[in-house]
Amino acid sequence: MPKGDKFELISLHGRGRAECLRMMLIIAGHPFIDMRFNLRQWHDFKRREKLSEDTKLPLLRVNDKKLIVGASEIGRFLALNLGFYGTSSIEQAEIEEIISEIESLQSGLTPIIRTTLAKNFSQKTAYWNEYKEKTLNPVLEQLTQKLDNKNYFLGNRV
């Protein structure tokens, strides 16, 4: 990817799913505009940019034209274009397997997020403990075995 490509990463305040995208850009040394909104600013932005109401964050605008929506889609685009997507189709398939394992964690977080937003902290703790035991820990164990005391899942670089 030419260094001249202009990237604008759009997300909510905080780290969330956009944080790994920021790290990819920083590790690659690729400059980008880091635009973070609160919810009100996000709704105003969607209206101003004529985005559909169901558009989700994060967004990546490339060269003021192309708009990529969603952390996974942006991550794949950046990985491919910044040199983080393996050196062969076999490595890319292995990367996709790891992405799939990590993505499987997302759906189980919904009850935890809802109870946190509702400030029902005792219920949040119960959901979190169940999530850790049944969902998070098994995936982390699989990934730890796959890493097998190496620094990287594949090869010898990020």
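I am working from a predicted model. I began with the pair α5 and α6, which run roughly antiparallel to each other, because their axes cross at roughly 165° and angles over 145 degrees count as roughly antiparallel. Helix α5 covers residues 110-117 and helix α6 covers residues 121-147, and I find that their axes come within 8 Å. I noted the crossing of α5 past α6 as left-handed.

I then listed the residues that make this contact. From α5 I have Pro111, Ile112, Thr115 and Thr116. From α6 I have Phe121, Gln123, Lys124, Tyr127, Trp128 and Tyr131. I sorted the residues of the α5 contact with α6 into 6 nonpolar, 3 polar and 1 charged.

Next I looked at helix α4, residues 89-103, against α6. I find an angle of about 160° for this pair, with the axes 10 Å apart. That angle makes α4 roughly antiparallel to α6. I recorded the crossing of α4 and α6 as left-handed.

Which residues of α4 and α6 meet? I wrote down Glu97, Ile98, Glu101 and Ile102 in α4, and Val139, Gln142, Leu143 and Lys146 in α6. I count 4 nonpolar, 1 polar and 3 charged residues in the contact of α4 with α6.

Last, I checked the record. UniProt lists residues 5-86 as "domain: GST N-terminal", in an unreviewed entry. In the model I find that residues 5-86 are 40% helix and 23% strand. The end C-alpha atoms of that span lie 21 Å apart.

How values were computed
Residues are numbered from 1 along each chain as its sequence is written. This is a predicted model: local features need pLDDT of at least 70, side-chain atom pairs count only at pLDDT 80 or more; totals for chains, interfaces and linings use all residues. Side-chain values use heavy atoms; hydrogens and water are left out. Axes are lines fitted to C-alpha atoms, for helices over the stretch in contact, and angles run from 0 to 180 degrees between N-to-C directions. Helices (H or I, at least four residues) and strands (E, at least two) are DSSP runs, numbered from the N terminus. Angles under 35 degrees count as roughly parallel, over 145 as roughly antiparallel, 65 to 115 as roughly perpendicular and the rest as oblique. A crossing is left-handed if the near helix is turned anticlockwise from the far one by less than a right angle, and right-handed if clockwise. Contact means heavy atoms within 4.5 Å. Ala, Val, Leu, Ile, Met, Phe, Trp, Tyr, Cys and Pro count as nonpolar, Asp, Glu, Lys and Arg as charged, and the others, Gly among them, as polar. UniProt positions are given in the numbering used here, feature names are shortened, and annotations may be inferred rather than shown by experiment.
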